[in-house]
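Dear colleague,

Please find the structure for your review below. My notes on one of its helices follow it.

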Amino acid sequence: MKRVMIPGYAQLRDRLLREGILVEEGDHVKLTKSHLFDSPSAAASVLSGGNKNGRTEWRDAAGRTLKELQEQTAS
């Protein structure tokens, strides 16, 4: 199944792979050093290879989503 990714995220993924910031390991990629993304969704999409909502994809060690943590902080 081919993953769909916003063109800008696909270009960023390709650039990070070329620069060695991302490396392919089997069917996934990993960061080789810290990289600051513009948003949680950009990071999730670039790393997964498909469009993702970073607020619901990223979780802490307790399993809470970024969205849940943000909502708790806001209240």
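Predicted model: local features only at pLDDT ≥ 70, side-chain atom pairs only at ≥ 80, totals over all residues.

Residues are numbered from 1 along each chain as its sequence is written, and side-chain values use heavy atoms, with hydrogens and water left out.

H1 comprises 12 residues (7-18); helices are DSSP runs of H or I of at least four residues, strands runs of E of at least two, numbered from the N terminus. Tyr 9, Leu 12, Arg 13 and Leu 16 of H1 are buried (under 20% relative accessible area; exposed is over 50%, partly exposed in between, with a 1.4 Å probe and protein chains only). They lie on the same side of H1 because they cover an arc of only 100° around the axis, taken from the directions from the helix axis to the C-beta atoms. The face turned away from this buried side carries the exposed residues Pro 7, Gln 11 and Arg 18.

The buried residues of H1 pack against strand E1 (22-25), strand E2 (28-31) and H2, contact meaning heavy atoms within 4.5 Å.

After H1 comes Gly 20, with a positive phi near 80°.

Kind regards

Notes
Axes fitted to C-alpha atoms, helices over the stretch in contact; angles between N-to-C directions. Expected span 1.5 Å × (residues − 1).
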